[in-house]
Amino acid sequence: PITIEDDRTGLSVETLRRALADHLYYIQGKLPEHASKNDFYLALAFVVRDRLMPRWLYSKKNYLQPDTRIVSYLSAEFLLGPHLENNLINLDIQDEVRQAVQESNLDYQVLIDQEEEPGLGNGGLGRLAACYMDSLSSLEIPALGYGIRYEFGIFDQDIRDGWQVEMTDKWLQFGNPWEIARPSFAVTVKLGGHTEPYVDNQGQYKVRWVPAQIVKGIPYDTPITGYKVNTVNTLRLWKSEAPESFDFQVFNVGDYYGAVDQKIVSENISKVLYPNDEQVQGKELRLMQQFFFVSCALQDMIRIHLTSGRRLNTFHEKFAVQLNDTHPAIGVAELMRLLIDEHDMAWDTAWDVTSRSFAFTNHTLLPEALEKWSVDLFGRILPRHLEIIYEINRRFLDQVRVKFMGDEGHLERLSLIDESGHRSVRMANLACVGSYSINGVAALHTELVKSTILKDFYELSPEKFNNKTNGVTPRRWMVQANPRLTNLISSKIGDNWIKHLHELKGLEQYADDPGFRHEWRQIKLSIKRDLAEHIQRRTGITVNPESMFDVLVKRIHEYKRQHLKVLHIITLYNRIKANPDIDLTPRTFIFGGKAAPGYAMAKLMIKFVTSVGDVVNNDPDVRDRLKVVFLPDYNVTFGQRVYPAAELSEQISTAGKEASGTGNMKFSMNGALTIGTLDGANIEIREEVGAENFFLFGLKTPEVQELKANGYNPWDYYDSNETLKAVLDLVAHGHFSHGDPELFRPLLDNLLHHDPFVVLADYQAYIDCQDQVDQAYRDQDNWTRMSILNAARTGKFSSDRSISEYCEDIWKVKPLPVTVPI
Ligand code: 26M
């Protein structure tokens, strides 16, 4: 029989080929001979988007069923990474599309590489949100992600003369085929002005917020496909614009420039992602961003709720709203305002609904990352919310007084307002009071949250606290990033592991199989060769694919201790200089990561890496046994290249500082061994893979605390350790700065006199552990065995496991398979 497939939905190679040509002609408006690579990429992206559209539309339809419970994930960041290949994998059409592209005389990889990744996040927190959206869809959970459609995402990083240079990320400049604007669901958001009491036409005393400014929020929807299921959830990101009538008031009195100024402020709100992580600055525009997207999201949820035929007093039954750190915590006050001021609900009912809607995830213990807003600034932008927060606080502290009778300390620390010095609003306290669940992101982290930063809240409401160890999606971080390893694994144990990662356990039986080990090692080598070529192209540095690939990629921060890694490199360099014929394991040190533009020490750490690299890479005595590479512009796309190529994963933060880490999981899954401290999820990774397959070093959290309590003096370590002294002296004398003793002085002074992250205290333990790594690497057979066992035992670190726990323990939401009528 002759079957004719629809150009929009058909999956045969022939139909896909025709659809590609059709889109190029009619959507891109190009003849093939005039089309750019990007035109072909866009055409292909639209071919794929067509094919997910039925599932997306019927998934959306489900949201509006009255009984559908929806997870609403509120996050200022979603660090998605490229969509095209991910969607091909999830829709299970990769082979057909490859074939169709080839038959169109195009190069599949070239088209994939055209995509500009949406870098709408800084690092771990934003990437976690993206992995969680993937798992929500793959587990068929109805979910909406809400965030900001930044016009400029995380800056592009260039390295010039060894220093970081930031450039704007113009990710939208060639068009974004994955988003659909929904102007019909636009909402308005108020800012500034004042409040005034009034009596409504039912005789009720109410408060009216008279704003100084109104901005419009326009939603842009991106489909989030699940792996081999019909569920396609929506990521709804908001763009700010001036309302159409923006200029009338001011314009009529002739203030044209004032009117345009207002328009600029409105459009600035979603303009750029703040590139700081783990250090907040209290900037007005940032508060506006947070309030803007949260208000848009809550108004949108209320619309969905009412459209699904329900009353607002059951809002918490319709939605489970997760706060990704305190960035969206203003939502607690905004939902109260919407319910009370705009929907006439009584305070007690509104509080009942609100405090049963929100759940809060904490991602950091660093005090400098805790968000506080000066009461002045807050009241200027959000006068009504300040009143509501005062009222929440008054009622809350009344309850606290009953519980901790007469203890002023508790009251001061629990208060939503910090009264010491300049008064400020504490967003973590607001999130805790307004949420029914509070979780940390790894076992150790949750314990530290309970015993340190949120201790008083834990004592008040211990039942709210729980742990949800982070996870990462095996679809992107194995199937997509590492197809060769994926095929080898599936050839032995089938492909169920992609949805049920615990099934990787089945690989354990092959760990001692010489043939399997050989294949495993060959795959790693071939991926290392590809990376070596990439490094050559991007940096001009030649590296040896047979050397150990030792990788440290993450945001640059003192607590993550990239400088400890550099001290190790200099130590090896000194050994070679003292004895050029020394027998040491050749290594390629690969660094990647961005520094916050305002974080001078982090930027100097980058210069430290590149400067040491320049000397080590070019010293003839080294004879290419050590190579140091700093790859510019570390992002999701590059992560997908580097995790599969890594043999040693560096997870060397000061114990107690890294909340969880997620890169650590991506490395392990791809068969890298970890050298790490007992910090964050490293602890759980070591538990899973076995202590004998993990290189542990360094002080433990209580030891760090004790050391500091007893007056830590880093100088003592310098003074009493000759190798350490030699390393630091070499830096101080300008060996890595063309004789300039000043360049690295701030870094050295900090290490020798303050060393807040106890780098010097952990130095010797780190060196000793690295020497064990060297020895272990010489036994390639056993190394490969350990590598296989690492991958086999990382089942726990699938984000599917994390999300299942959130669903069961916090959100109380069940899968809802989507039916697509044929
Ligand atoms: C806050 C205010 C103003 C501007 C920026 C921020 C801000 C943005 C991102 C603060 C922190 C941000 O991210 C923190 C983060 O990424 N934390 C990491 O979260 C991961 C996921 O849970 C953990 O694995 C990491 O250990 C943790 O460092």
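Two residues are in contact here when their C-beta atoms, placed from the backbone, lie within 7 Å. The model is predicted, so local features need pLDDT of at least 70, side-chain atom pairs count only at pLDDT 80 or more, and totals for chains, interfaces and linings use all residues. Residues are numbered from 1 along each chain as its sequence is written.

Q: Which residues does Leu44 touch, not counting residues up to four places away in sequence?
A: Leu44 is listed with Leu430 and Ile569 as having the most contacts inside the largest nonpolar core. Leaving out residues up to four places away in sequence, Leu44 touches Leu20, Leu84, Val101 and Leu111.

Q: In what order do the 6 strands of the open sheet stand?
A: Strands are DSSP runs (E, at least two residues; helices are H or I, at least four), numbered from the N terminus, and two strands pair if DSSP finds at least two bridges between them. The pairing is parallel, and the order is β22-β21-β20-β23-β24-β25.

Q: Why is one side of β22 and of β25 left without a neighbour in the sheet?
A: β22 (626-630) and β25 (695-696) stand at the edges of the sheet.

Q: Which helix gives the most to the shell around the ligand?
A: Among the closest residues to the ligand are Gly124 and Leu125. With 3 residues, the one giving the most to this shell is helix α6 (residues 124-138).

How values were computed: A nonpolar core is a set of buried Ala, Val, Leu, Ile, Met, Phe, Trp, Tyr and Cys residues joined through C-beta atoms within 7 Å. A residue is buried if 20 or more other C-beta atoms lie within 10 Å of its own, exposed if 12 or fewer, and partly exposed in between; C-beta atoms are placed from the backbone. A residue is near a molecule or strand if its C-beta atom, placed from the backbone, lies within 6 Å of it.
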